[in-house]
Amino acid sequence: GIGPGPPGLAQVGRHFSLRSHHAELLMSRLQALSAYKQALRAIDRYVGPKSHWRGSLSEEFRRHEAEKDPAVIATHIRRCNDYAVFITSVRDHQELLADCGIGLDPDTQSRRRLEANAASVGLRLPKTFTS
């Protein structure tokens, strides 16, 4: 029969397995850092850089910084990505509501409608000053 092979082959395989695991862990951490930065950018852009949201996200990231389980790291990456999408989507929704005039008080809504009608024929409404 065929023997186990050269004596050093098992050691090389184990070394390759450790290097592969180390590379996988490094890639997971880089992906986590990228997702964290994306979520921070969304908070800074849409909520504000001094909000409590930024502090709580940073605290959560630091708490799990030494995590070594790829499945747990993947869960945190997914949460960060979901968080960034949620913040961006809420802001887009607010802009859409404002563009459609939904949720505005009746005076502002009628003023926007008048401005849009005037603009459609090339006119602008005069600015009004309130004291």
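Trainee: Is Ser28 buried or exposed?
Mentor: In this predicted model, Ser28 counts as buried because its relative accessibility is 11%, and a residue has to be under 20% to be called buried.

Trainee: Which element is Ser28 found in, and what is Ser28 in contact with, leaving aside its neighbours within four places in sequence?
Mentor: Ser28 belongs to helix 1, and once the neighbours within four places in sequence are set aside, Ser28 is in contact with Pro70, Ile73 and Ile77.

Trainee: Changing topic, how much space lies in the largest pocket, and which residues lie nearest its centre?
Mentor: The largest pocket holds about 400 Å³ of space, and of the 17 residues that line the largest pocket, Ala32, Phe61, His64, Glu65 and His76 lie nearest its centre. The elements that give two or more residues to that lining are helix 1 (9-46), helix 2 (52-63) and helix 3 (70-100).

Trainee: Which helix gives the most to the lining?
Mentor: Helix 3 gives the most, with six residues.

Trainee: What kinds of residues make up the lining of the largest pocket?
Mentor: The lining of the largest pocket divides into 10 nonpolar residues, two polar ones and five charged ones.

Trainee: Back to helix 3 itself, how far apart are its end C-alpha atoms?
Mentor: The end C-alpha atoms of helix 3 are 44 Å apart, which agrees with the 45 Å that its 31 residues should span at 1.5 Å a residue. Helix 3 is followed by Gly101, whose phi is positive, near 80°.

Trainee: What about helix 4, how many residues does that one have, and what is its reach?
Mentor: Helix 4 covers residues 106-120, which makes 15 residues, and the reach from its first C-alpha to its last is 21 Å, close to the 21 Å expected at 1.5 Å a residue. After helix 4 comes Gly122, and its phi is positive as well, near 85°.

Trainee: Stepping back, how many helices and strands are there in the protein?
Mentor: There are four helices and zero strands, so that reading from the N terminus the order of elements is α-α-α-α. Of the 131 residues of the protein, 16% count as buried.

Trainee: And what do the contacts and the accessible surface come to?
Mentor: Among contacts between residues at least 6 apart in sequence, 56% join residues at least 24 apart. The accessible surface of the protein comes to about 10,500 Å², and 58% of that surface belongs to carbon and sulfur atoms.

Notes. Residues numbered from 1 in each chain as written. Predicted model: local features only at pLDDT ≥ 70, side-chain atom pairs only at ≥ 80, totals over all residues. Heavy atoms only, no water. Buried < 20%, exposed > 50% of the residue type's maximum accessible area, 1.4 Å probe, protein only. Contact = heavy atoms within 4.5 Å. Areas by Shrake-Rupley, 256 points an atom, 1.4 Å probe, with all protein chains shown as cover. 1 Å grid on protein atoms, 1.4 Å probe; cavity = no way out; pocket = protein on both sides within 12 Å on 5 of 7 lines; lining within 4 Å. Points joined across faces, edges and corners; volume = space filled by probe spheres on them. Nonpolar A, V, L, I, M, F, W, Y, C, P; charged D, E, K, R; others polar. Expected span 1.5 Å × (residues − 1).
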